[in-house]
Every structure is written in structure tokens, then in C-alpha cells.
Amino acid sequence: MTQPPAAAPAHRLVPTPAGRTHLVEQGTGPLVLLVHGFPESWYSWRRQLPALAAAGYRAVAVDVRGYGRSSRPAQAEAYRMTELVEDNAAVVHALGEESAVVVGHDWGANIAANSALLRPDVFRAVGLLSVPYAPRGGPRPSEVFAGMAGGAEEFYVSYFQEPGRAEAEIEPDVRGWLAGFYAAFSADTMPAPGEPDPHFVARGGRLRDRFPAPGQRPGWLGEDELDVYAAEFERTGLSGALARYRNMDRDWADLEPYDGAPIPQPSLFVGGALDASTTWLADAIEAYPKTLPGLVASHVLDGAGHWIQQERSDEVNRLLLDWLAALP
């Protein structure tokens with residue numbers, strides 16, 4: 001039976017351990033919680049909300065704590081993974097639901113995976129976009145990232161982990177920096193093979209020194225869309241968003257009881273073939289039979305970059321809907 005047209009998206013604030021979480025919801029039916037990555041907001045799901053609603057789902061996209069209109073605690077440790085998981089669970093309950101499917105992109109994929117891992121009582125299935133699930137384990141993350149760069153370069157995660165450093169680069173020109181960052185990891189504007197890698201920073205340099213030339217815009221990002229992202233970060237600053245990187249060692253300690261743990265719920269992975277998150281973590285994808293024993297489908301889209309649900313929205317929507325329809 002054809003679904004009636006979905007109502008327009010509605011904005012809400014709900015109480016969570018963060019203080020309050022801003023969300024945008026559209027449609028009625030089984031709850032699908034959408035969790036964004038860095039440096040984005042609920043708006044990164046603008047092309048999924050109406051598609052999910054039209055298919056008979058209650059689609060809800062949150063601003064993760066530290067972003068947009070959600071609360072921004074001052075202490076860096078307030079952004080540890082366990083806190084973000086509890087925010088997600090609180091959103092589900094604040095919406096009057098007992099359970100939900102959770103879908104995340106980029107850092108949101110990590111948050112979604114850990115939500116399913118730590119709160120299987122709430123999250124009955126998990127979809128991961130761009131960043132594969134890799135169970136907690138191995139050395140301390142800061143040590144791993146420090147070893148990924150040579151003497152003349154520094155890995156971007158290490159760069160982001162130093163309080164105030166990335167803010168000093170980004171905040172004087174938020175709109176220009178975001179445009180360059182999005183372009184650097186989009187399929188149609190990313191640097192060609194052999195050009196300097198924007199995942200690394202030259203010692204004493206800036207991340208933006210390796211972005212594509214100013215004015216290059218990926219096809220998925222219109223001027224009005226860039227304005228939305230820029231306005232949010234110009235208002236909030238970047239410290240809340242960057243705090244996620246600054247808690248990776250805390251997460252590693254907090255999640256020790258889950259070392260090597262699989263996620264048994266039904267799952268989905270969709271990545272881009274041109275995305276370093278997919279290629280560098282190819283071993284994690286190969287390990288899915290053990291780490292995601294409930295995996296329903298895994299897709300790597302040819303010619304796609306990192307911002308996959310925006311770059312390839314129609315294809316991602318179809319894959320999400322096919323997966324959701326197959327869930328028990």
C-alpha cells in the first residue's frame with residue numbers, strides 16, 4: 001500500500017545526559033536514529049529523512065553533543081564514547097520508544113556501533129556508513145596515530161587532539177575551511193594520487209595547506225548547503241566537535257571490558273571505494289564474519305568518497321531501505 005506523503009521535518013529538543021539534544025524528525029513508524037560525523041550536523045541526513053519517512057519509518061537525525069543546537073559541556077572528558085551512547089539511548093526513550101535501529105556516518109558510525117555494543121537492549125540493528133566496525137583492542141590510540149606519520153608530517157588525528165590547535169586554524173575562516181575539508185575527501189574534488197595527502201599535516205603547517213584550491217566545490221555541496229554548515233560552526237565554534245578526537249584514549253580505557261567484542265545485531269556497511277576510511281581499514285571489513293556476525297549486507301561503492309550519504313544519496317537511500325525492509 002502506498003504511504004501517504006510524510007509531514008515536513010520537525011525540530012525538537014529532548015532531555016539527555018548531555019543536557020539537551022536537538023533532533024529533527026520526519027515520518028511515523030519504526031524508529032531509525034541517524035548519527036552524523038565530523039564536521040557535520042543533523043543536516044548531513046537531509047536527503048535520508050524524507051526517503052525514510054516516505055517508506056514508513058520515523059526518521060530522527062540528532063545533533064551529537066557539542067554540535068549545533070545540542071548542549072556543549074565545557075569539560076573535554078564529557079565527550080567520551082560512553083556518554084554519547086547514553087545520549088542516544090536517552091533520545092530513544094524521550095521519543096517514547098523502547099528500541100530503535102541506529103545508523104551512523106564517520107564518527108557517527110563509531111557512535112552507532114558502540115551504541116549497539118553497549119546498549120543492545122535499546123538498539124536492535126546498526127548501520128555503518130564510511131567507517132567500518134573494528135573492535136576495541138591493540139595499543140593506546142594516541143600511540144598508534146603518532147606512529148602513522150614520518151618526521152616531516154603529522155597525522156590529522158594527532159593534530160586534532162591538541163586542544164586549541166585546530167581551532168586556531170579553523171575558526172578565523174570557518175566557511176572556507178569547511179569547504180576545503182569537504183572537498184579534500186569528496187570523490188570529485190579530492191587530490192589526485194601522488195599529490196600531498198590531506199590526512200597529514202606538514203610539521204609547522206596547517207591542514208588546509210593540502211586542501212584543493214579555493215573555489216572547488218564537490219557536486220553534492222551547494223552554496224546554500226555550505227552556508228548551513230558554516231553558520232552552525234560559526235555560532236558554536238569547533239571545540240565541542242573536536243573533543244571527540246580528544247577522548248580516544250579515554251574510550252580505549254573505558255571500553256576495555258569489550259576488547260575484541262563482536263556486535264551480533266543485524267548490521268549493514270556502506271563505504272566508498274575512494275575513501276581512506278574504507279581502504280585503510282580493509283582488514284576490518286574482511287573480519288566482518290567474526291566482528292559483525294549479524295551482517296546482512298556490505299557494500300563498497302565504486303567512485304564514491306567519504307561523504308557517502310550526501311555524495312550518493314539515492315544509492316545509499318536504496319541500500320538503507322532494502323536493509324531495513326529485511327530486518328525482523
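Predicted model: local features only at pLDDT ≥ 70, side-chain atom pairs only at ≥ 80, totals over all residues.
I'm counting two residues as in contact when heavy atoms of theirs lie within 4.5 Å.

**Ser-313.** Leaving aside neighbours within four places in sequence, Ser-313 touches Arg-47, Gln-48 and Ile-308. I found Ser-313 in helix 15, which covers residues 313–326. Is Ser-313 buried or exposed? Its relative accessibility is 14%, so I put it down as buried, the cut-off being under 20%. I also checked Gly-219: it sits 94 residues from Ser-313 in sequence, and their C-alphas are 12 Å apart.

**Confidence.** The mean pLDDT of the protein is 96, and 98% of its residues get to 70 or more. Where is confidence lowest? That's helix 4 (residues 141–146), with a mean of 92, while strand 3 (residues 31–35) has the highest, at 99.

**Helix 3.** Then I turned to helix 3, residues 107–118. Its 12 residues span 16 Å from first C-alpha to last, close to the expected 16 Å. I noted that helix 3 is largely enclosed by the rest of the structure, because 11 of its 12 residues are buried. Among them are Trp-107, Ile-111, Asn-114 and Leu-118. What covers them? My list includes strand 3, helix 2, strand 5, strand 6 and helix 10.

**A surface patch.** Last, I looked at the outside. Val-144, Met-148, Trp-280 and Leu-281 make up a nonpolar patch there, with about 330 Å² of accessible area together. Leu-281 belongs to the loop between helix 11 and helix 12. I have Leu-281 as partly exposed, because its relative accessible area is 33%.

Note on methods:
Residues numbered from 1 in each chain as written. Heavy atoms only, no water. Patch = residues over 30% accessible without salt bridge, like charges linked within 9 Å, V, L, I, M, F, W, Y side chains within 5 Å. Areas by Shrake-Rupley, 256 points an atom, 1.4 Å probe, with all protein chains shown as cover. Salt bridge = Lys/Arg side-chain N within 4 Å of Asp/Glu carboxyl O. Helix = DSSP H or I, 4+ residues; strand = E, 2+ residues; numbered from the N terminus. Buried < 20%, exposed > 50% of the residue type's maximum accessible area, 1.4 Å probe, protein only. pLDDT = per-residue confidence, 0-100. Expected span 1.5 Å × (residues − 1).
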